[in-house]
Amino acid sequence: MSTLPEAPAARQASEPARVSLTPQPAGAAGLPVESEEVAFDIRNFSLWYGARQALMDVTIKIPARKVTAIIGPSGCGKSTFLRALNRMHELTPGTRLEGSLRHFGQDLYGPGVEAVAIRRRVGMVFQKSNPFPTMSIAENVLVGLRLNGVRDKAVLQERLEKSLHMAALWDEVKDLLNRPGTSLSGGQQQRLCIARSLAVQPETLLMDEPCSALDPLATAKIEELIQTLRQDYTVVIVTHNMQQAARCSDRTAFFYMGRLIEFGNTRNMFTNPSNPQTEAYVSGRFG
Amino acid sequence: MAASPYLPTEQFAHWRKIKSTAVTGVLVVCALAVIAPLFLVLYFLVVHGWSSIDWNFFTQLPKPTGETGGGMANAIVGTITLLTMASLVGVPIGVLGGIYLAEYGSDRANDWLRFAADVLNGVPSIVWGMVVYLMLVVPFKTFSAYAGGVALGFMMVPLVMRTTEEVLVLVPQSYREAALALGVARWKVIMVIVVRTALKGIATGIIIALARIAGETAPLLFTALGNTFWSHNLKEPISALPLQIFAYAISPYDDWHRQAWAGALVLMALILALNIIVRVLSRDRINKN
């Protein structure tokens, strides 16, 4: 069941390339079929690091404008999966993949597709906050725009404010915009990195354990922020923290040893999982 | 009273103290031996050179044989000119080569490049002088500032390349990933994010290389040649402090010997100043991180 109303038609019309969703038989671990927009349509996706296979035959449809949490024990392939969604895994030499991965209908691995163009639409927030040390708060937020050729002062100012507002950081930094980004606290730095990702106006935001280095208060702020983001963005978040997955996601995918074991509504996953491995993991019996 | 098993016997404690003192003493002597040559150099330069340093030394040309006084103004300007020209050759090639090593090269290509750079570092400086003599002096039939600058620039390349590579590798991978995840092209990520983060380190490497080559004499012998007058044209032979020192030091005249000491002191002060700049730059970097 959708927890949010469907997106306005206007937004879909502006994206001519999106697929129309005809009902399809759900894969063994796939999502129950519904008529909702799909952000990532991934079929039979496998990925190898050299000779080691990190992802095995993953088929999953990640819904648009919802928060999807990826959980699983360390080494289960969840970070690899997330990095494959905007081709960040290509920074690791010697990777190879099979299967198809579509983002709003576009093949991410098709011939001639540029990773740079994908990453403008699929942003990423990392485990460790990493504001650029040579740049001020404002420069950090705007660096993606500036390096992609945006020069218009008015546009830059507007995006700066909007991004910091969305990242719930504006009130804290509005008088410190010229201070170094690294002068902020850990939680603020992570929100600055989120603002930096939002400034280039991606459609989708990938978050790789964004709170694992933060204290509970800073974590709460980021989770609150994720709740606001899902009105406009597709969010995919990898987390080690099952409470966090339960608190802030609509859907949860459980990965184990490179396979997608189960994918479903978060409430079901945590209260009534259909797979015994999921049940064992979410109840804390292993992992 | 039973002796505590944790306390050594008196005799044992005594022997251990002697050993400890002896070893510490050897280490202190070695440490002093390391810094002693520096003070030796400064001592001799100041004792012999200081008295000949006056305003004229920095403003006048060398006087003809037989006349006393005069200075090394042309040699000081010549050294600065040659270092600038060496930088024009050595910095772009060295920095871009270092960027290639750190960011682009395959492991195999990098192994070869590093090996080549290390061999180049070991090439005796007189050999550079001979190579550039054949490359630029013979074809153009004149010793020139160009030739001297190129010879020194070649010496800078491997130094700058290796230090650039080292500081670029120190830039955390997370900055590259963060910038790439914003959909920024890779070359922009490298030039704007990575190089900018490592800029102080790169500058430090360049200055260290300049300090290394500032005192080189051999590569200039067959290239810049030296000049007792101002050189008004980079196509002419040009003077340099080490060349002038060399020329004066092997002369039979006491006055020229004094001038040579003074020149050596000025050259040493220049190199010391470059090293102090390096210290300041590196201290800043450490504080910032």
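**A tour of chain B**

Select helix 7 and helix 8 of chain B, which pack at an angle of about 140° with their axes 10 Å apart; axes are lines fitted to C-alpha atoms, for helices over the stretch in contact, and angles run from 0 to 180 degrees between N-to-C directions. This is a predicted model, in which local features need pLDDT of at least 70, side-chain atom pairs count only at pLDDT 80 or more, and totals for chains, interfaces and linings use all residues. Residues are numbered from 1 along each chain as its sequence is written, with chains lettered from A and ligands numbered from 1 in the order in which they are written.

Helix 7 and helix 8 of chain B are therefore oblique to each other (under 35 degrees counts as roughly parallel, over 145 as roughly antiparallel, 65 to 115 as roughly perpendicular, the rest as oblique). Next, display the residues that make the contact: Tyr175(B), Arg176(B), Ala179(B) and Leu180(B) from helix 7 of chain B, and Arg186(B), Val189(B), Ile193(B), Val194(B) and Thr197(B) from helix 8 of chain B. Residues are in contact if their C-beta atoms, placed from the backbone, lie within 7 Å.

Now show chain A as well. Here 15 residues of chain B are in contact with 23 residues of chain A. On the chain B side, helix 7 (173-180) and helix 8 (186-197) are the elements giving two or more residues; helices (H or I, at least four residues) are DSSP runs, numbered from the N terminus.

Finally, select Glu166(B), in helix 6 (residues 145-170) of chain B. Between Glu166(B) and Gly98(B) there are 68 residues in sequence and 8.1 Å in space, C-alpha to C-alpha.

Notes. Contact = placed C-beta atoms within 7 Å.
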